Amino acid sequence: MEALLSRSRQLRRPASRLCWSCSRQLGAQARRTYASAASQPDIYDVVCVGGGPAGLSLLTALRSNPATAGLRVALVEAQDLAKTRDWKLHPDRFSNRCSSLTPSSANFLNRIGAWDHLARERVQPYHEMQVWDGVTDARIEFDWDTPSTGRTIAYMTENLNLTSGLLRRMDGIGGTDVFDKVKVENITLGEDKDDLDLTQWPVVHLSGGKQLAARLLVGADGANSPVRAFAEIESRGWDYDRHGVVATLEMEDEGWGGHDMKIAYQRFLPTGPVAMLPMPGRYATMVWSTTPRNAALLKSLPAKDFLAMVNAAFRLRTVDLEFMHTMESGQAEELLWRLQHTHVNHQSVPQTVVGVQEGSVASFPLKLRHADTYIGERVALVGDAAHTTHPLAGQGLNAGQGDVESLARAIEYSVLHGQDLGTRMSLEAYNSERYAANHVLLGVVDKLHKLYSVESGPLVPLRSFGLNAVNAMRPLKNFFMEQAAGKGAKLF
Amino acid sequence: MVARPSTALLLRRLRGLTPALRRRPESFVTGRYTAPYLVNRDCCRPFSSTGSGSPSDNAHQSTSDPNFTTVSPDEVSHFNALASSWWDPHGPSRILHLMNPLRHDFIRMCRNSVLDAPSTTGLTYLDIGCGGGIFAESAARLPGTKSVTAIDPSPEVLNIARGHARRDPSLRNKLQYLNTPIEQLTATIFKQDPQQQQQPQQPQYDVVSVFEVLEHVSSPAQFLDQCAPFVKPGGWLVMSTIARTWLSWFTTNLMAEDVLRIVPRGTHDWQKYVNEEELRGHFMAGRSGQWAEPRCMGVIYVPGVGWREVRGSEKVGNYFFAVRKTAEEE
């Protein structure tokens with residue numbers, strides 16, 4: 001099948017010998033004639049809706065694997081991908097939407113040839129994690145046994161750096177029909193016409209009249225996935241009544257470990273965790289999960305008071321911090337006064353934040369969602385379309401990469417064994433592999449959030465005892481680190 | 001079951017051809033389990049004798065008789081009844097769907113196991129007893145496949161197969177279904193192809209597959225002799241069936257059909273199962289000189305896990321068997 005389809009594609013598009021833009025124009029012409037011949041849908045093996053990290057890495061994985069390179073694939077994206085492709089920022093400006101890529105995600109991106117296309121000078125590996133309880137100060141230090149080797153726990157990466165790198169890699173291989181700046185107007189089932197019965201094939205209707213019939217329709221289209229709605233798959237969960245406040249910050253220096261030993265910090269406050277994650281040089285990115293009211297205040301503060309709140313979040317007692325959230329202004333002076341009465345071990349908290357990049361303070365609501373299943377007949381969901389998690393473990397994007405890796409493997413197996421890659425039967429392995437793994441992740445993250453929301457009572461000493469105990473037990477700690485790094489036995 | 005005279009006659013004749021048959025029951029059927037099933041050896045169907053009461057099922061029947069067929073009418077009606085659920089992934093054929101990838105692994109293993117590097121493109125397949133087309137469709141989808149011809153004597157099942165193939169545009173021009181028993185295949189192809197009518201040639205294929213069929217035909221040896229001419233010299237005849245042991249009776253009849261109900265009742269007739277050494281003997285001793293490179297792979301179905309290759313399990317349950325054609329029959 002693939003050979004047949006790919007032959008017809010090669011006739012229409014000698015993509016390998018032409019640059020991307022030329023071949024795209026050629027493709028567009030050919031498509032027009034194809035479409036005008038009859039109002040029949042164009043037939044694809046894989047149609048991926050959504051050009052975010054999950055969708056782009058899926059198509060790149062399929063195109064870069066010789067076994068699946070013969071498949072006819074298409075990408076549908078509402079945004080203008082040229083903007084992502086040409087994304088560029090000044091070396092000391094950083095986007096506020098960053099993710100922590102585990103070594104396992106990075107290895108996958110490397111295998112599909114995308115890692116080299118990221119702006120590597122903008123990627124910051126970190127080698128140590130400091131996590132502590134804001135109420136009791138019980139602490140756990142995650143570092144590898146042999147700190148001298150500087151083993152990487154994860155790589156801090158701007159999401160746009162990742163997507164633009166993936167796009168460049170995808171463009172480089174060619175062979176993906178890209179439909180961007182188009183809306184998905186409708187998804188229907190195909191028709192039974194002449195010698196072809198497409199009544200079980202999803203047909204994606206694009207604005208402008210184009211129709212794409214999909215052997216497999218992949219929903220990489222985010223939390224409000226239209227593909228999921230088409231497949232009538234329920235997504236269940238709850239809102240945390242918390243917002244994640246993000247910002248790109250400038251620190252007084254490169255961090256306590258210097259250039260080669262970067263540290264990530266996370267403090268569990270009763271309102272939610274606040275995390276400071278290192279970016280290249282003196283920069284860091286912050287994710288502060290807090291109540292919608294606190295988030296609104298933080299966003300409204302002038303830079304000087306905002307910085308005071310961030311520094312306070314890692315240093316002050318929780319009651320003091322709570323009080324500062326009730327002030328309408330003057331946080332900077334308040335912090336100076338309160339710090340005189342607070343004992344802080346400076347080396348165990350992030351260095352002082354001295355600047356915030358203009359326009360980088362933003363917030364988004366936090367929720368937990370999990371689709372009942374990731375597959376239907378000729379439908380698969382990946383990434384946020386399948387699951388949304390609290391950012392406290394920094395695993396959202398990695399879970400999506402895990403989905404993609406697993407789905408690409410299921411598709412490869414189908415192609416090598418002549419199975420119809422879109423059927424439920426062929427997708428079962430993907431669903432069983434990823435549903436269980438993500439279910440554990442979502443559950444653990446959810447319980448952690450709830451556990452640390454408690455301010456007093458018997459749970460507080462218990463959780464501190466737990467944290468201290470884990471900190472004292474090297475094998476258990478290593479286990480958690482292997483999990484965070486996406487190595488070891490794959491639980492998450 | 002009462003042994004008929006013709007059966008006994010044929011038995012004697014065949015035992016001369018297939019010495020392996022004589023060793024059959026002792027090694028695996030031991031102890032008290034032997035009693036109900038194998039106490040009288042003639043009561044269980046020998047490899048090449050008749051199994052059903054079909055009138056065409058006769059040792060003296062000549063293959064030149066146009067009405068001769070190894071197809072068993074009871075079997076045809078059983079599979080007709082299953083036709084509509086053939087492609088339901090959670091229906092009665094689920095276990096067959098799950099087995100299908102292993103068939104390709106086995107064929108790949110066979111083709112890669114010989115030294116003269118086989119071509120990986122332009123392959124032609126003949127799938128005998130294709131049923132709803134699980135294997136035929138998948139073979140046609142493989143990039144190296146030029147064409148697949150798939151035949152089955154059951155018209156209802158074949159209608160399902162044709163209807164299902166229409167759902168996949170990539171199967172057009174690659175997959176052809178013919179409603180014919182193997183005995184009339186050549187005639188059917190000649191009728192279709194005007195070129196063949198002028199210069200008739202024996203149609204031959206790189207891979208001739210006979211999956212889960214041997215245990216359903218009424219005389220396996222004659223049936224295999226009918227299949228043999230369709231294999232290209234250098235090509236493979238690939239089959240799969242179930243070993244006839246007390247354990248296979250326990251797993252495929254009692255457990256799979258009656259207790260767990262993962263296979264429709266009445267699918268298997270234990271007495272029709274064929275042992276690996278019987279097949280080996282048939283090709284290597286009985287048809288010596290024409291066949292070489294016998295290959296075998298035993299597989300076991302583990303509920304919740306799927307099919308797994310288990311070395312040595314060809315002696316007790318489901319297995320694949322293949323031989324390569326070295327020369328034409330004289």
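A residue is taken here as buried when its relative accessible area is under 20%, as exposed when that value is over 50%, and as partly exposed in between. The model described is a predicted one, and the classes just given are applied to its residues in what follows.

A:D241 belongs to strand β14 (residues 235-251) of chain A, and its relative accessible area of 52% makes it exposed.

The size of an interface is often given as the accessible area lost when the parts come together. For chain B and chain A that area is about 2100 Å², with 51% of it on carbon and sulfur atoms. Within chain B, the residues that lose the most area to chain A are B:R141, B:R166 and B:R167, which together account for 34% of what that side buries. The contact draws on 22 residues of chain B and 24 residues of chain A.

Polar contacts join eleven residue pairs between chain B and chain A, both residues of each pair being at pLDDT 80 or more. On the side of chain B that touches chain A, the elements giving two or more residues are α5 (94-112) and α6 (134-141) of chain B, and the largest share, seven residues, comes from α5(B). Six salt bridges are found across the interface of chain B and chain A. In a salt bridge between B:R166 and A:D192, the side chains meet at 2.6 Å, N to O.

**Salt bridges and their surroundings**

Side chains of opposite charge can pair when their charged atoms come close. Over all chains, the structure holds 30 salt bridges. A network of such bridges links A:D45, A:R215, A:R378 and A:D420 with B:E137, B:R141 and B:D168.

| Salt bridge | Closest N and O atoms |
|---|---|
| A:K210 with A:D42 | 3.2 Å |
| A:R111 with A:E405 | 2.4 Å |
| A:K193 with A:E191 | 3.7 Å |

In the salt bridge of A:K210 with A:D42, the lysine lies in the loop between β12 (202-206) and β13 (211-219) of chain A and the aspartate in strand β1 (residues 42-49) of chain A, so that the pair ties together parts that are 168 residues apart in sequence. A:K210 is buried, at 17% relative accessibility, and A:D42 is buried as well, with a relative accessible area of 1%.

The salt bridge of A:R111 with A:E405 likewise links distant parts of the chain, since A:R111 is in helix α5 (residues 103-111) of chain A and A:E405 in helix α12 (residues 396-416) of chain A, 294 residues apart. Here A:R111 counts as exposed, at 54% relative accessibility, whereas A:E405 is buried, with a relative accessible area of 16%. In the pair formed by A:K193 and A:E191, the lysine is partly exposed at 36% relative accessibility, while A:E191 is exposed, with a relative accessible area of 51%.

B:Y125, in strand β1 (residues 123-128) of chain B, is buried, at 4% relative accessibility. Leaving aside residues up to four places away in sequence, B:Y125 touches B:I107, B:F135, B:A139, B:L142, B:T145, B:S147, B:V148, B:T149, B:Y205 and B:V207. Between B:Y125 and B:L175, which are 50 residues apart in sequence, the C-alpha to C-alpha separation is 9.5 Å.

On the surface, B:I300, B:V302, B:V305 and B:V310 form a nonpolar patch whose accessible area is about 270 Å² together. One of these residues, B:V310, is found in the loop between β7 (306-309) and β8 (318-325) of chain B, and its relative accessibility of 33% makes it partly exposed.

Note on methods: Residues numbered from 1 in each chain as written. Chains lettered and ligands numbered in written order. Predicted model: local features only at pLDDT ≥ 70, side-chain atom pairs only at ≥ 80, totals over all residues. Heavy atoms only, no water. Patch = residues over 30% accessible without salt bridge, like charges linked within 9 Å, V, L, I, M, F, W, Y side chains within 5 Å. Areas by Shrake-Rupley, 256 points an atom, 1.4 Å probe, with all protein chains shown as cover. Salt bridge = Lys/Arg side-chain N within 4 Å of Asp/Glu carboxyl O. Helix = DSSP H or I, 4+ residues; strand = E, 2+ residues; numbered from the N terminus. Buried < 20%, exposed > 50% of the residue type's maximum accessible area, 1.4 Å probe, protein only. Contact = heavy atoms within 4.5 Å. Buried area = accessible area lost by both parts, 1.4 Å probe. Polar contact = N/O pair within 3.5 Å; in protein donor to acceptor, adjacent residues only side chain to side chain.
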